[in-house]
Amino acid sequence: SMDAYISVENRIKMDGPITTAIRTLQTKIDADRVMILELHNGKVNASGVHFAYISSSYEVVKPGFAKILLDTQNLPTSLLAGDWGPLLEGKCLFVDPTFDAFATPSITDWMESNGVGTLGICPISSPDDERLVGLVMTQWADDIDNKKHSDYKLDMQLLSYKLSGMLSSK
């Protein structure tokens, strides 16, 4: 339909500003990688229920770090099989396999296989109805000082708020 075409056109227009916004965050918090992941439905099970998936749509990395955007498409949300409660409540969290209760075996295996020491995750909500639409994910190869978590969370929350409108542009 024409509405879908306009939506895609507007979304393409947002690519530059979104990439600039995540590059700014990446530089400010000295992250090795910042990604935007968006929730979407996928294939339907035998009962007709859609599986929930998450795919990366934007990524910036420090020089020397390989991009993984193409390898992070159509991932089942069960990959982040920790407690989604804080994310659904709009809270950011950090995953350090030695420190955080969110560090379930599936997420720590993923972190280890991708060389991630600390992972920051912040929800992006729809500006209309507060529904979870995506995540800002920040990664560091090393463990970072826990004292920095609150500052980084604030920076990530500000970006999430800004992106909520950008990703929802019709």
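Guide: One term before we start. A residue counts as buried when its relative accessible area is under 20%. Keep in mind that this model is predicted.

Visitor: How many residues of β6 are buried?
Guide: Strand β6 spans residues 132–140. The strand is largely enclosed by the rest of the structure, because the count of buried residues is nine of the nine.

Visitor: Which elements does the protein have, and in what order do they run?
Guide: There are four helices and six strands in the protein. Read from the N terminus, the order is α-β-β-β-α-β-α-β-β-α.

Visitor: What is the order of the strands in the sheet?
Guide: The sheet is open, has six strands and pairs in the antiparallel sense. Its edge strands are β3 (75–76) and β4, each pairing on one side only. Across the sheet, the order is β3-β2-β1-β6-β5-β4.

Visitor: How many bridges join β5 to β6?
Guide: The two strands form a hairpin, with six residues between them. In the turn, Glu130 has a positive phi of about 65°. Thr118 has Trp140 in β6 as its bridge partner, and Leu119 stands opposite Gln139. Strand β5 (residues 118–125) runs antiparallel to β6, and the number of bridges is eight.

Visitor: Which residue of β6 stands opposite Arg33?
Guide: Arg33 lies in strand β1. Strand β1 (residues 33–44) pairs with β6 in the antiparallel sense over six bridges. The residue opposite Arg33 is Gln139.

Visitor: Is Arg33 buried or exposed, and what is its relative accessible area?
Guide: The cut-off for buried is under 20%. Arg33 is therefore buried, with a relative accessible area of 5%.

Visitor: Which side chain joins that of Arg33 in a polar contact of 2.7 Å?
Guide: Start with the surroundings. Leaving aside neighbours within four places in sequence, Arg33 is in contact with several residues, among them Val60, Phe65, Ile68 and Met137. A polar atom of the Arg33 side chain also lies 2.2 Å from the backbone oxygen of Ala66. The side chain at 2.7 Å belongs to Glu59.

Visitor: Why is the pair of Trp140 and Tyr152 stacked?
Guide: The structure holds two aromatic pairs. In this one, the ring centres of Trp140 and Tyr152 are 5.4 Å apart. Planes under 30 degrees apart count as stacked. The pair is stacked because its planes stand at 10°.

Visitor: Which parts of the chain does that pair link?
Guide: Trp140 and Tyr152 are twelve residues apart, and the pair links distant parts of the chain. Both residues are buried. Trp140 sits in strand β6, and Tyr152 sits in helix α4 (residues 149–167).

Visitor: Which residues do ring pairs link into a cluster?
Guide: Trp140 and Tyr152 are members.

Visitor: Which residues cover the two faces of β5?
Guide: In a regular strand, side chains alternate between the two faces of the sheet. Eight of the eight residues of β5 are buried, so the strand is largely enclosed by the rest of the structure. One side holds Thr118, Gly120, Cys122 and Ile124, and the other holds Leu119, Ile121, Pro123 and Ser125.

Visitor: What is the bridge partner of Val95 in β5?
Guide: Strand β4 (residues 93–95) pairs with β5 in the antiparallel sense over three bridges. Leu93 has Ile121 as its bridge partner. For Val95, the partner is Leu119.

Visitor: What share of the contacts join residues at least 24 apart?
Guide: Some context on the whole chain. Of the 170 residues, 44% count as buried. The accessible surface comes to about 9,200 Å², and carbon and sulfur atoms own 56% of that. Among contacts between residues at least 6 apart in sequence, the share at least 24 apart is 58%.

Terms used. Residues numbered from 1 in each chain as written. Predicted model: local features only at pLDDT ≥ 70, side-chain atom pairs only at ≥ 80, totals over all residues. Heavy atoms only, no water. Phe/Tyr/Trp six-rings, centres within 6.5 Å; stacked < 30°, edge-to-face > 60°. Buried < 20%, exposed > 50% of the residue type's maximum accessible area, 1.4 Å probe, protein only. Pairing = 2+ DSSP bridges. Polar contact = N/O pair within 3.5 Å; in protein donor to acceptor, adjacent residues only side chain to side chain. Contact = heavy atoms within 4.5 Å. Areas by Shrake-Rupley, 256 points an atom, 1.4 Å probe, with all protein chains shown as cover.
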